[in-house]
Each structure stands twice: as structure tokens, then as C-alpha cells.
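Subject: A structure for you to look through

Dear colleague,

I am handing over the structure below, together with some notes on what was found in it. Please keep it open beside this email while you read.

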Amino acid sequence: MAAVGKVYVEALIIAYGEGRNGKSTFWNTISRVLGTYSGAMSADSLTANCRRNVKPEIAELKGKRLIIAAELEEGTRLSTSILKQLSSFKNWQAKRFKALMKVRPRVKRIVGLTGTPSSNGLMDIFAEYKVLDMGERLGRFISQYRVEYFVPDQTNGPIVYSYRLRKGADKRIYDRISDITISMKGTDHLQMPELINSEYPVYLDEDEREKYEAMASDLVINLPGGEVTAANAATLSGKLTQMANGAVYSDAGGIEFIHDKKLDALEDIIEAANGKNILVAYWYKHDLTRIIDRLDALGVNYGKLDSDQSIEDWNAGRLEVGLIHPASAGHGLNLQSGGNTLVWFGMIWSLELYQHEIVVTAQQRMNLRSGGR
């Protein structure tokens, strides 16, 4: 052990044991060796229920290398903030990230949990780790992080659409964050049933396929209720996904019907489930509307899982079909008791939400099945 001017390690050490086993003697010895670099603080200043002003006491700790606090009463909770889904703060431009960073300096200790920290690449983790360490490891600014670890990939003159990692940058990033990161595989710690993926192909007829291919090639199509156009590739992919699902929003904001093939497939899946409860994930509002109309026609007892009561009904087995949107159901919902089949009415482009929906559902002891493309 050495006392040097630079702080290489920050750690909270809890000395545990029965009385008269040398804990105090050990730490008092270290404290005397460090001399004025050692200090003490009241144990209650570390707890969640501390109501007094501890700022003066904390100010006295500046420059100290060892701080000793007396033992706490059993059951006392330390003052720690936990972000259950750290990946929801990956966008450094988002309002939620900016709002958290305003109060972040007042948080004594923070822990972030996530199953998909970098679903879209290592660019995601800049904001996540800034929440944790205020920019100590990866830098305070996104521009600094990009220059250090990335180079432009797809560009159009001065406009950069995407970045790629510099050679060896991934290892340097992992080394920088390794001291505050613990990574575990669920398969190493959880005994889970096998994940079963089932595809249910849906085939368009000739007229429906002609409309789809015309939209794909021309970026515009005339439908009875109006024109549907796509200004760029991203918009086009969304329009084609909608058409594959069975309907599409027109430029005027109306809903243009294309086919009922996926609704027929969903009906078959519900019937084949033979009374077992099913979760159905949808993305577009017109998908939800058409699914509800079909379930009403079938007389199926269903519910949109967007409230405490609907989630309680699902877990109690009172709903044959639960309707969920991945953006709201992928983070933190408790759906472990309701069923064991998940149907994707249509695929989505967010890898993070797709993985979250599957991982969170699977972690809640469900035999997961997905279908409907």
C-alpha cells in the first residue's frame, strides 16, 4: 500500500465481522500512517435518511486519501441512486439526459443497470458513463469522445452521417471504464428455459405486391385515399414496414388499407395457442386499431398493457391477449405471471427495444416465442 498524490482508485470498503476482531485496530493504524491525509466523518452522512446539512463536513474531506466512518446500525440504507435502465440515457441530446445532468452533482453515489449498454455501437456509452462519472473517463464532451475514439464513416462533404471506431479504440474504451463496470451474462447465472423462435410467413397477393414494389422503386404511390410519398430512405423503410403490416399513413394523414394477411395470421396463432395467454407487440397506431377491431370481432378478452390495472389483469391471467408497445414495455415492466408467448405483429428498426423486449420477457421466466413478419 502506498500514499501518492494522484488518486488511482476510489472505493467504498465495508469492514465486516463480529466484535473485537481487529477492524478498528487495523484502520486506526492505517490512519496514523497517513497522518493528515486521513480523516473521519459521521456515518449518518452516508445514509439515505440523513436530514441535516452535511456539506460543511464533506468540505473538510478535500485532499484526504482515507476517510473512516463508524459502523452503521443493521438495516440502514446507504444514499445511493440506481438507474434501472441506464441505456435510456444514451442520447446526450435528449431532454431526460439534460435534466438528470442538472441534478447529477448533488447525487452522492449512483449505480446504472442495463442489459444493452451499446445496442447501436460504442457511441452509445458516452452519455451513459457521463451520467455515472461526470465525464471523468470518456470525457465531458461528445466531440472530444468522437475525436479520440472514432473517425467519420459515411459522409456527404462536411456532413457526417455515421462514425466508425479507430483501430484498437474499443479496447481503449473498455480499459477506461473497466474500474467501474461489472459485466455478467444471464446464461452464467440464471437457469432459463430454451428460447423458441417461430416465424409465421405472410404472403402478399399479386396486387398487394405490386403496390409494395411500386413504393419501393418509385418512393411514391397513389392510393384511393391519397398519395403516399417517401422523401428519403429512412422514411421509405417506415412506409414499407407499414404496408407489410397491412396499412399505411398517407401524406394527408389518413390510413390507407392494404391487406388483412397479418390479422389472419394473428387469428391463427391465437387459435393455435388453445387458451394460453399471448402478448402481442405492435408499433403503429393503425396496427393497434386494426388488431383491436379483429379481437372484438373474435370476442377475445384483451387489454392494452399501459396501466397498473391492466398489468395486474395480465399477471392474474384475466386477459387472453395483452397488447404492448415496445417503447413502453421494453423497460422495467413486470409481466412474469401472465403468459409465455410473444408475437411481433411487425418488426421494428430499434435493435435495443427488440432485444429489451425479448431479454426482459425471457428473464421473467417465460418460454418466449416470436412470430408474425
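**A cluster of rings**

In this predicted model, F126, Y145, Y149 and F150 are linked into a cluster by ring pairs, where rings of Phe, Tyr and Trp (for Trp, its six-membered ring) pair if their centres lie within 6.5 Å. The structure holds three aromatic pairs. In the pair formed by Y145 and Y149, the ring centres are 5.3 Å apart and the planes stand at 55°, so the pair is tilted; planes under 30 degrees apart count as stacked, those over 60 as edge-to-face, and the rest as tilted. Both Y145 and Y149 belong to helix 5 (residues 142-149), where they are four residues apart, about one turn of the helix. Helices here are DSSP runs of H or I with at least four residues, strands are runs of E with at least two, and both are numbered from the N terminus.

Are these two tyrosines, Y145 and Y149, buried or exposed? Y145 counts as buried because its relative accessibility is 0%, and Y149 counts as buried at 5%, given that buried means under 20% relative accessible area, exposed means over 50%, and partly exposed lies in between (1.4 Å probe, protein chains only).

Residues are numbered from 1 along each chain as its sequence is written, and side-chain values use heavy atoms, with hydrogens and water left out. Because the model is predicted, local features need pLDDT of at least 70 and side-chain atom pairs count only at pLDDT 80 or more, whereas totals for chains, interfaces and linings use all residues.

**The protein as a whole**

The secondary structure comes to 14 helices and 16 strands. Of the 373 residues in the protein, 36% are buried. The accessible surface comes to about 23,300 Å², a value from the Shrake-Rupley method with a 1.4 Å probe, and 52% of that surface belongs to carbon and sulfur atoms. If one takes the contacts (heavy atoms within 4.5 Å) between residues at least 6 apart in sequence, 62% of them join residues at least 24 apart.

**Two helices side by side**

The axes of helix 8 (residues 206-218) and helix 9 (residues 233-245) come within 10 Å and cross at roughly 175°; axes are lines fitted to C-alpha atoms, for helices over the stretch in contact, and angles run from 0 to 180 degrees between N-to-C directions. The two helices are therefore roughly antiparallel to each other, the word used for angles over 145 degrees, while under 35 counts as roughly parallel, 65 to 115 as roughly perpendicular and the rest as oblique. On the helix 8 side, K211, Y212, M215 and A216 meet L236, K239, L240, M243 and A244 of helix 9. By class, this contact has seven nonpolar, no polar and two charged residues, where Ala, Val, Leu, Ile, Met, Phe, Trp, Tyr, Cys and Pro count as nonpolar, Asp, Glu, Lys and Arg as charged, and the others, Gly among them, as polar.

**Residues in loops**

M134, in the loop between helix 4 (125-133) and helix 5, has a phi near 60°, a positive value in a residue other than glycine, and counts as partly exposed at 34% relative accessibility. L219, in the loop between helix 8 and strand 9 (220-223), also has a positive phi of about 60° although it is not a glycine, and L219 is partly exposed at 29%.
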